[in-house]
Amino acid sequence: MSIRLVDSYVTPFVSENEYAYMQSMVSAAHTMLHEKSGQGNAFLGWVDLPRDYDKEEYARIKVAAEKIRSSCDVFIVIGIGGSYLGSRAVIEFLKSPLYNNLKKDGPEIYFSGCNISATNMRELLEICEGRDVCINVISKSGTTTEPAVAFRIFRELLEKKYGADGAKEHIFVTTDRAKGTLKGFADKVGYETFVVPDDVGGRFSVLSAVGLLPIAVAGIDIDALMKGADDARVAFADPDIQKNDCYKYAALRNILYRKGKVTEILVGYEPFMQMFCEWWKQLYGESEGKDQKGIYPSSVIFSTDLHSLGQYIQDGMRNLFETVISVKDTGVTQEIPHDPENIDGLNFLSGKDLNYVNSMAQQGTLFAHVDGGVPNVLLELEDRSAHSLGYMIYFFEKACAISGYLLGVNPFDQPGVEAYKKNMFALLGKPGYEEQKAALDARIAKL
Ligand code: PA5
C-alpha cells in the first residue's frame, strides 16, 4: 500500500453508524463503475488503463521522448485543463517546480495554451529565441480555442525556424484517434500523432499519451508510474469500505458533505505538490460540480498558507474539511546548522532535519484544526517515487468516480464548461454565433 488513510482526525466528526449507512451506497457505486451501468459509462477507459494501455503506442512515446530530449533545448506542451494539468503535476511532483532552473539532462519544459495571456505568450516566445524547440500540442476535441491559438503561434515560429518540412520533426500531436480539426490537420501535414482514447475524458487522461509523453520527456520512469497505478487498480477493487481506503475516502467526503462541509481543502506540506493540487481540483471540480451540487475543491500548501489562509481555516465559517497528503519519505534531508552564539534563539533546532520540523508543523496543525472544528482526512504517501505517485493518481481517480455516483451526478461529463465558450465565441464574432452576439451586445449596452 503506497497510500494509507488515517481516520483518527476525522472520527470525532463521524459516527460508526454513518459508515455502515454509506456501505450499501458505496457498494452500489462500485457495481455501477465495474459493470459500466452508471451515468457516463462510455468514459470508463481509465479504470483498466494502467493494465490495458496500447503497448505499441507506449513504445512510440518512449522513442519520441528520447528524440525530443536529445534534439531540443525547450519543449513546449500546449494544452488546457485535462490536457496539461496531469503532466505538469507529475513533472513538478517528481522533479521540481524549479525543474527548469535545476541541472538536468533534458530540455526545459514550459506549458502554453492554458491561458489567453499575451504577456505569457511573449515570454515563452522570448525563451525560445535562438534555441531548439519541440512542441507537443494536446487536445482531445482538437477544437479548444486556447491551445489552438497557441499552436498556430508556435507552428509559425517553428516553420520560420526550420522550414515547413523541418518543423514536422519538432511537432508532436496528441488528439482523438480519428475525429477533429487537429487530427485532420496532423494527418494532412504528416506530424507524428498520439491518441487520447475515446473512452478516457481529459481529466482522467494523465496515464494516456496525454500525460505520458511530456512526463517521459522530463526523464521520469513512466514504467514505474504505470506500475504504481496498476497496483492501485488491483488494491482498490474491494467494495468493503473498511478494506478499501480509496472507497473510505469517497465515503467520508460524502458523509461530511451531508453535514454541511461543502468545501474540501487539499493540503500539502511540500511546494512540489502545488500542481498536483491543481490537477486534483480539476478532477473533483469538473466531476462533481453539477446539478447545483458538489463539494468545492480548494487547496493549500502549508506551512506557506498557514500564514495566509490559516486564520480562516482555524476560525472562519465551519463549512470545510481538509484532506492532508503527508509524504513520509521525501528522499532528501537538510540539517539546520548550530550557531554557537544562538543569536536567533533557534539552537533547540540545531542538527534537526527540516523534514522533522515540517512533520511537527503538520502534527501541530492537525490538532489545531481538529480542535477548531475542521475534520481532517490524513493520507500518508509512502514516498516521492514515480510508483507511489502513480498509485496516488489512481486512488484519487477512482475515489472521484465513486464520489460522483454517491452524489448522484454523472462524474464524466462537463456541460458547464461550454457556457463561457459560447459567449466568448459570440463576442469574438465567430461565424454561427450571430444571434447570441446580438443578445450579448444588448446586455452590454444596458450595463
Ligand atoms: O477534463 C476535461 O475534459 C477538460 O478539462 C478538457 O481536458 C479541456 O477542456 C481541454 O479539452 P481538449 O483536450 O478537448 O482541448
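Predicted model: local features only at pLDDT ≥ 70, side-chain atom pairs only at ≥ 80, totals over all residues.
**Stop 1: the ligand site**

Select the ligand together with the residues around it. It is surrounded by 13 residues, and the closest are Ser83, Ser139, Ser141, Thr144 and Gln282. Now display the side chain of Thr144, where an N or O atom is 2.5 Å from an oxygen atom of the ligand. Proceed to Gln282: an N or O atom of the Gln282 side chain is likewise 2.5 Å from a ligand oxygen atom.

**Stop 2: helices α4 and α14**

Select residues 85-94, which form helix α4, and residues 386-407, which form helix α14. Two packed helices are described by an angle and a distance, both taken between their axes. For α4 and α14 the angle is about 145° and the axes are 11 Å apart. The crossing of α4 and α14 is right-handed. To inspect the contact, show Val90, Phe93 and Leu94 on α4, then Ala386, Leu389, Met392 and Ile393 on α14. Classified by type, the residues in this contact of α4 with α14 are seven nonpolar, with no polar and no charged ones. When viewing such a set, recall that an α-helix has 3.6 residues a turn, so residues three or four places apart point the same way.

**Stop 3: helix α8**

Select residues 209-217, helix α8. Nine of the nine residues are buried, so α8 is largely enclosed by the rest of the structure. Among the buried residues of α8 are Gly211, Pro214 and Val217. Just after α8, select Gly219, where phi is positive at about 80°.

**Stop 4: Glu18**

Select Glu18, which belongs to helix α1, residues 16-34. Is this residue buried or exposed? Glu18 counts as buried because its relative accessibility is 18%, and the cut-off for burial is under 20%. The Glu18 side chain reaches the backbone nitrogen of Ser15 at 2.8 Å. Leaving aside residues up to four places away in sequence, Glu18 touches Phe13, Ile255 and Lys259.

**Stop 5: Glu169**

Finish at Glu169, located in the loop between α6 (145-168) and β5 (171-175). With 44% relative accessibility, Glu169 counts as partly exposed.

Methods: Residues numbered from 1 in each chain as written. Heavy atoms only, no water. Axes fitted to C-alpha atoms, helices over the stretch in contact; angles between N-to-C directions. Helix = DSSP H or I, 4+ residues; strand = E, 2+ residues; numbered from the N terminus. Left-handed = near helix turned anticlockwise from the far one by under 90°. Contact = heavy atoms within 4.5 Å. Nonpolar A, V, L, I, M, F, W, Y, C, P; charged D, E, K, R; others polar. Buried < 20%, exposed > 50% of the residue type's maximum accessible area, 1.4 Å probe, protein only. Polar contact = N/O pair within 3.5 Å; in protein donor to acceptor, adjacent residues only side chain to side chain. Near = heavy atom within 4 Å.
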